[in-house]
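This report covers a single protein model.

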Amino acid sequence: MKQRAKNLAGITIGTLLATSVITFSMISSASDNMSDETQQTTNAAKNVILLIGDGMAESQISAAAYLNGTGYGAEDLTMDQFKNVGYARTFSHDNTVTDSAAAATAFSSTHKTDNGVVGKAPKNKEHHQNEQHFDVQTVLEAAEESNMSTGLVSTARITHATPAAFASHIDDRNKENNIAEQMLLDHDVEVLLGGGKRQFIPKEEGGKRKDGKNLLDLAEDHGYQVIENKADMKKTNASKLLGLFNDSHMTYELDRDLTNEPSIDEMTNKALDVLQQDDDGFFLMVEGGRIDHAGHSNYPATNIQETLAFDKAVKEALDFAKKDKNTLVVVSSDHETGGMSIGANGEYGYNKEVIRNVKRSPEYISKQLDENDGNLEEVIKKYTGITNLTKKELKLITSSQNKASAIANVISERALIGWTTTGHTAVNVPIYVYGPQAEKLTGTIENTEIAEVINLTTSKSITSQNLIDQVKQFSENGEMTDEKVTRLLLTHLETVDQFEDQNKADKVIKQLEHFHILLDKQKEQNSISTKAYQTLRDGTDALITKWE
């Protein structure tokens, strides 16, 4: 059991949900196929694995599936085999097109926030120019509070926006040195695996820290074994791991064999090996972060190979869940990147062989060119299989200041992969779910609902004090406009708290039922927001369930 006292930043809907007698739907895994029937169980999931394909939507998944298929057809990825499937809207608090920080905060905390902000939510319902934010509790923090073990895995820097949203509270995602410190010292995350070593070491040692701190030394003081390569990760039996396999982001999958870095599925497997030792369960987030980067750069083969690598991590998670039979697996994305299409320039087709023949990323290929591009055709042939560059293609590459981009453009044109942007898009992203509560994330939903469902497992210790804290928070944030109402609700909950201390279940339930009536009355009088009402109502129901 994990023993610790946490100074958690805030309270969210998740803290107000109990799981003791709620009926869940759990997919039975009697065999390895995904056609199993669901069955009812009165138990919450013991473990949660959330996998995020950063920048991944249906185009990326479809392109990867088609690449694996024969002829014109596709071969199912692991993601394609899920039976509980939905779509999430991704808009942020201040933009229809979200960034990773806001999107990750949505499914780490149940709150929509502004682009660039992690682990914090805005005080205003509608965006204001000088928006103020407050810290919100994340599903990882709720898991820690419930004595569960936790882990974060990413192929990006571990301090990048997505993992940061689970273990830090920062007004600017670019403050990665601060994120590293919060992630490492303010929490007790058992497994941290990814890139980003530079955020942990001082400038004098080749890092990005100007404060002179060496967080790797502090990590060892906090019980972590620090590892920096695949071999050390494989052989370690440590119960706390900080794996930093690259100074910045980890290497693209197409080039990974040139390094000592582990793959995303190997990191996922190692994280599961460590976390499953906890009898109280675990929460694990795994991010395929470089799908997004390849999308920003419009690198077609690189993007697709990153998606395929991510799918292998999904398989590790799903295989574990089928065997364990008590694990919720959620696979989704924060947003789509690149506006990728299969078929381009008015042509019907997908020339898969072009993608299959690409052996390295455009970044790597461009670095193999000599000063005057004299070996251009030789390099292109070696790493892309293209033997007949046209004059137009030769000119495009030789005249470009960004040769990697030009090479990627040639590959895209030949493969008939289209791009509309080097940024994000606002399309809905898919959700694939397996295990307890899977049916709650089907259909078209808000991305915040992912956190709500995860919190049913990670928030296991609701008390009247949680409701008291929430009332105070809603009052401060303007969700409750009448001070007299606030005082009345707090007084009522303090009475509940006294009866809880005395272990008088019947009186606790009676007082909570009266609290229900008070909430309903305030809602009728419009003195409490819909969000505050529903949150407190759900929490009250959960607490009643706990004491019945």
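## Basis of the values

The model is predicted: local features need pLDDT of at least 70, side-chain atom pairs count only at pLDDT 80 or more, and totals for chains, interfaces and linings use all residues. Residues are numbered from 1 along each chain as its sequence is written, and side-chain values use heavy atoms, with hydrogens and water left out.

## Helix α2

Of the 10 residues of α2, 10 are buried, so the helix is largely enclosed by the rest of the structure. Buried here means under 20% relative accessible area, exposed over 50% and partly exposed in between, with a 1.4 Å probe and protein chains only. Helices (H or I, at least four residues) and strands (E, at least two) are DSSP runs, numbered from the N terminus. The cover over the buried residues of α2 includes β3 (47-53), β5 (120-122), α3 (139-145), α4 (161-167), β16 and α16 (448-458). Contact means heavy atoms within 4.5 Å.

At the N-terminal end, Asp 99 caps α2, with a side-chain oxygen 3.3 Å from the backbone nitrogen of Ala 101. Just after the helix, Thr 110 has a positive phi of about 80°.

## The 10-stranded sheet

An open sheet of 10 strands with mixed pairing runs in the order β9-β10-β8-β7-β11-β3-β12-β17-β4-β18. The edges are β9 (225-227) and β18 (443-446), each with a single partner strand, so one side of each is left without a neighbour in the sheet. On average, neighbouring strands of this sheet are turned by 15° against each other, direction ignored. Two strands pair if DSSP finds at least two bridges between them.

Strand β11 (residues 282-288) is mostly covered, with seven of its seven residues buried. On one side these are Phe 282, Leu 284, Val 286 and Gly 288, and on the other Phe 283, Met 285 and Glu 287. Six bridges join β11 to β3 in parallel, and Gly 288 of β11 is the bridge partner of Gly 53. Six bridges also join strand β7 (residues 149-157) to β11, again parallel, with Gly 151 opposite Leu 284. By contrast, β4 (residues 84-89) and β17 (residues 429-434) run antiparallel and are joined by five bridges. Val 85 has Tyr 432 in β17 as its bridge partner.

## Annotated binding site

An unreviewed UniProt entry places the feature "binding site" at Asp 54, Asp 292, His 296, Asp 334, His 335 and His 424. These positions are spread over 371 residues of sequence but cluster in space, with a largest C-alpha distance of 14.2 Å. UniProt annotations may be inferred rather than shown by experiment.

His 335 is found in the loop between β12 (327-332) and β13 (336-337) and is buried, with a relative accessible area of 0%. Its contacts include Asp 54, Asp 292 and His 424. A polar contact of 3.4 Å joins the side chains of His 335 and Asp 54; such a contact is a pair of N or O atoms within 3.5 Å, and within protein one must be able to donate a hydrogen and the other to accept it, while residues adjacent in sequence count only if both atoms are side-chain atoms. His 424 is found in strand β16 (residues 424-425) and counts as buried at 17% relative accessibility. The side chain of His 424 reaches the backbone oxygen of Thr 98 at 2.9 Å.

## Domains

The domain assignment gives domain 1 (47-124 + 138-340 + 425-459), domain 2 (352-416) and domain 3 (464-547). Such bounds come from an automatic or database domain assignment. The C-alpha centres of domain 2 and domain 3 lie 64 Å apart.

Note on methods:
Axes fitted to C-alpha atoms, helices over the stretch in contact; angles between N-to-C directions. Lists of a residue's contacts leave out its neighbours within four places in sequence.
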